[in-house]
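Visitor: I keep meeting labels for parts of a protein. Please set each label against its rule for me.

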Amino acid sequence: MNVAVAVAPVVALVGNPNCGKTALFNALTGSRQKVANYPGVTVEKKIGSITTPGGRAIRVVDLPGTYSLRARSPDEEITRDVVLGKLAGEIVPDLIVCVADASNLRLALRLVLELKRVGRPVMMSLNMMDIARRRGIEIDVDRLSRELGVPVVESVAVRRGGVDALLAAVDRGLAATPSASTADWHPPDAAGLRVGQREADRLLAAVVRGPGQRDALTARVDSVLLHPAAGLIVLLLILFVMFQAVFAWAEPAMDAIEAGFAWLGQAVEAAPLPELLQSFLKDGLIGGVGSVLVFLPQIVILFFFILVLEDLGYMARAAFLMDRIMGGAGLHGRAFIPLLSSFACAIPGIMSTRVIDDRRDRLTTILVAPLMTCSARIPVYTLIIGAFIPEREVWGFVGLQGLVMFGLYATGIVGALAVSFVLKRIIWRDTPGEPFMLELPDYKLPRIKSLAIGLWTRAAIFVKRAGTTILAMMVLIWILASFPQPPDGATEPAISYSLAAMIGSAIQPLTEPLGFNWQINVALIPGMAAREVAVGSLGTIYSIAGGEDAADKIGQALLAHWSLGTALALLAWYVFAPQCASTLAVIRRETGGWKWMWVTFGYMLLLAYAAALVTYQVARALGAG
């Protein structure tokens, strides 16, 4: 007997950037959401599930922000195709909710007029009504609904009960008769956009009353943060505090994680298991994964700063502030946000280049984004800095270790600017760039719930990566370091007879000018899949189990086997090396082929080799080699 299974209807949230759409999505769905990618692209797809007051189970989709269905970027193309139901293998929305910033309706009204012409049921949500009222803006909601011919409701995503009216309206909208087919829809041309904007301006004049003045606090703060000199100083201070916090704030949580893995290692050591199995569990699994997971607090802190700055509205100011500096190096002002996101991970940074309309500006940003010091480099940097750089203060208040970390980040930034200069001023010098235009949102306090959801999502991605890619690499390294077993009567350490030693020794002629030994060579090979794997690899190679003092023990081993020149050369290598298979895969997907992926891999590998070579040879000449 066949039983029909009811499929929950789909509600799509569409709106301009910075309209509070994602905050509304979080308010509606809470933790009942999942993040994936649309098929064939790396555009992030957010889907949540809720039950309306009428008892109807629905799915809510948070679509990328757009100003028009005349899509000019990959993000906007996804929004257009999902709205039209033309994205292969994807869900088709039963109701479209156009989310608008109630204090800035001009472009939102044009968008809702476009959505009406699609032929699907549409309603409008006037979000951030509290801000609009505080500015003295009055909106005749009933007349706006009559003029548009669609339901219009008020919402305040950041307040309890602020979405109740919206949910009730969604219930009514889903119960209505579906609209006509989208088959006859055509994208608006330039003339159509002008006509649509004139109609939007007429509606704005008819339904909105009040001064609509810019928020006084925003204006006062911007007078400092957008100042050519003071603004740059504030930006540098923010970045400096962020890097210092990565060390100082994370220490208690890192100690707790180390203690947990120490207990697991001791439990395995005490268990009556065969020696080989015990080594696999303790050194391969617990030691390898534990030595990477211990850096999770630092990565969460880095994401915390980025999310807070984004929610505050500071990210757009930083992009505006950096436009002149970045423009001199051939980068578009909008590239600042993708590049800053790349400090956390180059993958979302590369994905967010879709906000750049010009293809060559977007391609330039994609090619240099991996040079930003991502969170995956932190475990390697922290390990080497902690082992070779003394823990003391300079100038009486600045930690030397944090200063070195700041220097590594700065080197990556300078490298990215230099590469973009070569690309835009030499290779693509005949291609004119587009003017930089950016909407600056009002400052808003970050919402704790949205911040918590964002941190949880990113932490879960890192943990999942540790449980899949990194775990697989650790098992591979353990096998390479454990087999074949040493012969009877062997006097050298067991790992000296292993496959790992053979591989490391085979490429030694290439890396010897860099000061690298075979142990480093072995760690670099699986590190091509993920940079942070190198830490666990070194722990496995030097037979250090995961535990309370695992990171310290690995550092002591490095200090005993490496010179300062070697350590500095490896840091220089990691600033530039293309050691992330996931990033390379995203570049291939975002650029639509293999060409630019191999270009990125090749130029980064050459930069890494040159930087490590110069660093080691200079250190050696100074007596630190």
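Visitor: Which residues of H12 are called buried?

Guide: The buried residues of H12 are Leu296, Pro297, Gln298, Ile299, Ile301, Leu302, Phe303, Phe305, Ile306, Leu307, Val308 and Leu309. Buried means under 20% relative accessible area, exposed means over 50%, and partly exposed is in between (1.4 Å probe, protein chains only). This is a predicted model, where local features need pLDDT of at least 70, side-chain atom pairs count only at pLDDT 80 or more, and totals for chains, interfaces and linings use all residues. Residues are numbered from 1 along each chain as its sequence is written, and side-chain values use heavy atoms, leaving out hydrogens and water.

Visitor: What makes H12 largely enclosed?

Guide: Of the 17 residues in H12, 12 are buried, so the rest of the structure largely encloses this helix.

Visitor: Why is Met128 called buried?

Guide: The relative accessible area of Met128 is 8%, under the 20% limit, so Met128 counts as buried. Met128 is in the loop between strand S6 (122–127) and helix H4 (129–134). Its phi is near 60°, a positive value in a residue other than glycine.

Visitor: What makes Thr373 buried?

Guide: Thr373 has 0% relative accessibility, so Thr373 falls under the limit and counts as buried. Its loop lies between helix H16 (359–368) and helix H17 (378–388). Thr373 and Ile413 are 40 residues apart in sequence, yet 8.1 Å apart from C-alpha to C-alpha.

Visitor: Why is the pairing of Asp62 with Lys21 called a salt bridge?

Guide: A salt bridge needs a side-chain nitrogen of Lys or Arg within 4 Å of a carboxyl oxygen of Asp or Glu. The closest N and O atoms of Lys21 and Asp62 are 2.7 Å apart, so the pair passes. Asp62 lies in strand S4 (residues 57–62) and Lys21 in helix H1 (residues 21–29), so the bridge ties together parts that are 41 residues apart in sequence. Asp62 and Lys21 are both buried. By this rule the count comes to 11 salt bridges.

Visitor: What makes Arg317 and Asp222 a salt bridge?

Guide: Their N to O distance is 3.0 Å, within the limit, so the pair counts. This pair links distant parts of the chain: Arg317 is in helix H13 and Asp222 in helix H8 (residues 216–225), 95 residues apart. Both residues are buried.

Visitor: How do you know that Lys282 and Glu269 meet in a salt bridge?

Guide: Their N to O distance is 3.1 Å, so this pair passes too. Lys282 is in helix H11 (residues 275–293) and Glu269 in helix H10, 13 residues apart. Lys282 has 17% relative accessibility, so Lys282 counts as buried. Glu269, at 46%, is partly exposed.

Visitor: Why is the group of Phe421, Val422, Ile426 and Ile427 called a nonpolar patch?

Guide: Patch residues have over 30% relative accessible area and no salt bridge; like charges are joined within 9 Å, and nonpolar side chains (Val, Leu, Ile, Met, Phe, Trp, Tyr) within 5 Å. Phe421 is in helix H18 (residues 400–427). The four residues have about 350 Å² of accessible area together, by the Shrake-Rupley method with a 1.4 Å probe, counting only the protein chains shown as cover.

Visitor: What makes the patch with Glu251 negative?

Guide: Glu251, Asp255, Glu391 and Asp552 gather there on the surface. Asp and Glu count as negative, Lys and Arg as positive, and His and the chain ends are not counted. The place of a charge is NZ of Lys, CZ of Arg, CG of Asp or CD of Glu. Glu251, in helix H10 (residues 251–270), has 47% relative accessibility, so Glu251 counts as partly exposed.

Technical notes:
Helix = DSSP H or I, 4+ residues; strand = E, 2+ residues; numbered from the N terminus.
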